[in-house]
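Please read these points with the structure open beside you. They go residue by residue where that helps, and then turn to the chain overall.

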Amino acid sequence: MTRVMPDVEAMVSTALRAHASIIALVDDRVYGELPKDIADRVGPLVRLARIGGGPTGQPLHLDAALMQFDVWGGSKKQAREVA
């Protein structure tokens, strides 16, 4: 039987978009991949990506995802605050 792991990028970005302190800083601009249209890349914004990890434990239903968060746009001060 093949198990499909949940989309951790989608879960984390949805949770961040619902968090009041994130909304105050970047509105809903939290992405799994940057918008294709450069006009939609209004900053500051957050891009998150799964860069590693995988199933752990027995049975293999737990996920130990390793995530990377990148912040773009605005001033350096804004980017640091968001990060």
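**Notes on the model**

1. Ser13 touches Val30 and Leu48, leaving out residues up to four places away in sequence. Ser13 itself is placed in helix H1. Is Ser13 buried or exposed? Its relative accessibility is 5%, so Ser13 counts as buried. Please keep in mind throughout that this is a predicted model.

2. The sheet comes next. Three strands make up an open sheet with mixed pairing, in the order S1-S2-S5. S1 and strand S5 (66–72) are at the edges and have a single partner strand each, so one side of each has no neighbour in the sheet. Helix H1 (residues 8–17) packs on this sheet and touches S1, S2 and S5. The direction of H1 makes about 150° with that of S2.

3. How do S1 and strand S2 (residues 45–52) run, parallel or antiparallel? They run parallel, and two bridges join them. Tyr31 is found opposite Arg47 in S2.

4. Phe69 is a residue of strand S5. With a relative accessibility of 44%, Phe69 counts as partly exposed. Not counting residues up to four places away in sequence, Phe69 touches Val12, Leu16, Val46, Arg47 and Leu48. The C-alpha atoms of Phe69 and Val46 are 6.7 Å apart, although 23 residues separate the two along the chain.

5. Arg29 deserves a careful look. It sits in the loop between helix H2 (20–26) and strand S1 (30–31). Apart from neighbours within four places in sequence, Arg29 is in contact with Val42, Gly43, Pro44, Leu45 and Val46.

6. Asp27 also belongs to the loop between H2 and S1. Its relative accessibility is 42%, so Asp27 counts as partly exposed. Please check its backbone too: phi of Asp27 is near 60°, a positive value in a residue other than glycine.

7. Pro44, one of the contacts of Arg29, lies in the loop between S1 and S2. The peptide bond that leads from Gly43 to Pro44 is cis, and its omega is near 0°.

8. Which residues form the largest nonpolar core? There are eight: Val8, Ile22, Val26, Val30, Val46, Leu48, Met67 and Val82. H2 and S2 are the elements that give two or more residues to this core. One core member, Val82, is in contact with Leu25, Val26, Pro44, Val46 and Val71, leaving aside neighbours within four places in sequence.

9. Last, the chain as a whole. Its secondary structure comes to three helices and five strands. Read from the N terminus, the order of elements is α-α-β-β-β-β-β-α. The chain has 83 residues, of which 22% count as buried. Taking contacts between residues at least 6 apart in sequence, 37% join residues at least 24 apart.

Conventions
Residues are numbered from 1 along each chain as its sequence is written. This is a predicted model: local features need pLDDT of at least 70, side-chain atom pairs count only at pLDDT 80 or more; totals for chains, interfaces and linings use all residues. Side-chain values use heavy atoms; hydrogens and water are left out. Helices (H or I, at least four residues) and strands (E, at least two) are DSSP runs, numbered from the N terminus. Contact means heavy atoms within 4.5 Å. Two strands pair if DSSP finds at least two bridges between them. Axes are lines fitted to C-alpha atoms, for helices over the stretch in contact, and angles run from 0 to 180 degrees between N-to-C directions. Buried means under 20% relative accessible area, exposed over 50%, partly exposed in between (1.4 Å probe, protein chains only). A nonpolar core is a set of buried Ala, Val, Leu, Ile, Met, Phe, Trp, Tyr and Cys residues joined through side-chain atoms within 4.5 Å.
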